[in-house]
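Subject: Structure handover

Hello,

Here is the structure for you to take over. Please open it alongside this note; the findings follow below.

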Amino acid sequence: MNSDQILYDIKHAIHAASSILITGQDVPDGDSLGSELALYDMLWQQKRHDKTAQGVEIVIANDAMPPAHYGFFPHVDIITPCETIQARQFQVGFVLDTGTDRIGAVLPVLKKCRAIITIDHHQSRAQGIEQISWIDPAICSVAEMLYDFFEHPGWNLTLTPDIAACLYGGMIYDTGSFRYPNTTAKTLRIAAKLLETGFDFSAVAERLFLEKPYSSLQLLSAVLHTLQRDETGQIIWGVVTQDMLKQAQADIEETDGIITHYAFTQGVKVAILFKETSEHEIKISFRARGAIDVGKFAKALTPKGGGHHRAAGCTLHGSLEQVQELVLQALQQVVTRKGVYGAKNVIVA
Ligand SMILES: [Mn+2]
């Protein structure tokens with residue numbers, strides 16, 4: 001089904017709905033959050049235009065509340081804590097920027113919805129319970145996908161500066177400020193349209209990428225001290241332990257973006273950050289340059305892993321040492337193109 005028809009279907013699905021849930025990644029990133037907030041305003045606009053807004057409730061809820069550094073997004077305070085909606089029922093549920101397998105404690109609430117709609121640009125998320133899914137891995141961000149609603153004949157929407165700020169935040173988050181190869185000419189044309197609304201785009205970029213609490217810099221410094229490379233210099237990795245977080249007085253969310261500080265080291269094909277989220281749970285981020293598809297690699301490690309060709313992640317259980325050894329050995333096979341690990345093929349791009 002083409003996106004033109006899907007947008008009509010989505011409009012039809014929300015028309016009669018008097019309660020709508022919007023969710024996304026368990027811990028929302030810049031694209032997930034910006035897209036949720038933009039969609040919230042868009043749905044209200046459409047419902048008001050259609051005169052079906054009377055008595056309607058629209059709720060945004062994620063497994064975790066947005067990390068504090070996203071506090072600059074317009075109306076971010078409307079987000080509802082997940083605990084408070086557990087007993088609730090919504091008619092329509094949107095899942096943005098992830099699959100239904102990555103929304104944590106919102107899943108039981110979502111499952112009660114009469115219609116589930118996914119809008120996503122990841123390649124490898126589990127699907128199955130949606131009535132409508134619009135998945136396009138060729139598009140850089142869900143924020144960019146949402147812009148299509150503004151140009152669609154079935155929708156009557158006005159691009160406000162607040163919506164533009166949310167979409168712009170999502171787009172620059174997922175394209176590294178239009179530097180990654182997922183950026184297209186269309187991405188930049190959309191960004192230009194967003195800028196025309198007059199929102200303070202340099203403030204959005206500053207708050208997303210530059211401004212950091214002192215604790216984040218302490219943590220960054222500690223992680224850079226843990227960096228190691230394999231013999232070939234093609235794999236680089238760093239670690240975050242619970243002790244390091246305590247020492248830096250930092251939250252786990254403050255690890256966001258640290259990997260980009262070393263992912264572009266000369267000669268490196270894959271960068272990894274191992275994060276000890278609890279004693280036996282290690283969250284792993286991957287960044288790749290070149291042919292290796294870390295999205296496929298993460299999924300080969302564990303079915304819940306995945307992401308994009310160049311940026312992906314997964315969670316494994318075990319001690320930091322065990323998980324590091326397993327991942328590094330598997331990746332070594334891929335980098336040296338031997339290509340197999342254990343009984344299972346680990347994908348070579
Ligand atoms: Mn995204």
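Domain bounds here come from an automatic or database domain assignment. For this protein, that assignment gives domain 1 (3–209) and domain 2 (214–345). Keep in mind that the model is predicted.

**The two domains**

The centres of domain 1 and domain 2, taken over C-alpha atoms, are 28 Å apart. Domain 1 puts 7 residues into the contact, and domain 2 also puts in 7 residues. On the side of domain 1 that touches domain 2, the residues are 2 nonpolar, 3 polar and 2 charged.

**Overall build**

The protein has 11 helices and 13 strands. Its radius of gyration is 20 Å, close to the 20 Å that the globule rule gives for 349 residues, so the protein is as compact as a globular protein of that length. Along the principal axes, the C-alpha atoms fill a box of roughly 65 × 45 × 40 Å. Of the 349 residues, 42% are buried. Now take the contacts between residues at least 6 apart in sequence: 62% of them join residues at least 24 apart.

**Cores**

The largest nonpolar core has 57 residues. Which of them touch the most other members? They are Ile20, Ile22, Ala38, Leu39, Leu146, Leu167 and Tyr168. Helix α5 gives this core its largest share, 9 residues. Tyr168 is worth a look. Beyond its neighbours within four places in sequence, Tyr168 is in contact with Ala191, Leu194, Phe201 and Val204. There is also a second, separate core of 37 residues. Its members include Ala222, Val268, Ile272 and Val327.

**Helix α6**

Helix α6 spans residues 185–195. Thr187, Ile190, Ala191 and Leu194 are buried there. Seen down the helix axis, the buried residues of α6 fall within an arc of 105°, so they line one face of the helix. An α-helix has 3.6 residues a turn, so residues three or four places apart point the same way. What do the buried residues of α6 pack against? Their partners are α4 (142–147) and α5 (161–175).

Take Ala192, in helix α6. Ala192 has 9 other C-beta atoms within 10 Å, and is therefore exposed. The cut-off for exposed is 12 or fewer. From Ala192 to Leu316 is 124 residues in sequence and 41 Å in space, C-alpha to C-alpha.

Leu188 counts as partly exposed because it has 13 C-beta neighbours inside 10 Å. Leaving out residues up to four places away in sequence, Leu188 touches Phe178 and Thr183. Leu188 and Phe264 are 76 residues apart in sequence, and their C-alpha atoms are 24 Å apart in space.

**Loops and positive phi**

Most residues other than glycine have a negative phi, and most peptide bonds are trans. Two residues to check for phi are His75 and Asp97. The phi of His75 is positive, near 65°, and His75 is not a glycine. Asp97 is not a glycine either, and has a positive phi of about 65°.

Where do they lie? His75 is in the loop between β2 (57–60) and β3 (92–96). Asp97 is in the loop between β3 and α3 (107–111). Are they buried or exposed? His75 has 12 C-beta neighbours inside 10 Å, so it counts as exposed. Asp97 has 29 C-beta neighbours inside 10 Å, so it counts as buried.

One more loop residue is Thr260, placed between α9 (242–248) and β8 (270–278). Thr260 has 15 C-beta neighbours inside 10 Å, so it counts as partly exposed. Thr260 and Val323 are 63 residues apart along the chain, and 21 Å separate their C-alpha atoms.

Best wishes

Notes. Residues numbered from 1 in each chain as written. Predicted model: local features only at pLDDT ≥ 70, side-chain atom pairs only at ≥ 80, totals over all residues. Buried ≥ 20, exposed ≤ 12 C-beta atoms within 10 Å, placed from the backbone. Helix = DSSP H or I, 4+ residues; strand = E, 2+ residues; numbered from the N terminus. Arc of directions from axis to C-beta. Contact = placed C-beta atoms within 7 Å. Nonpolar A, V, L, I, M, F, W, Y, C, P; charged D, E, K, R; others polar. Core = buried A, V, L, I, M, F, W, Y, C linked by C-beta atoms within 7 Å. Rg over C-alpha atoms; globule rule 2.2 N^0.38 Å.
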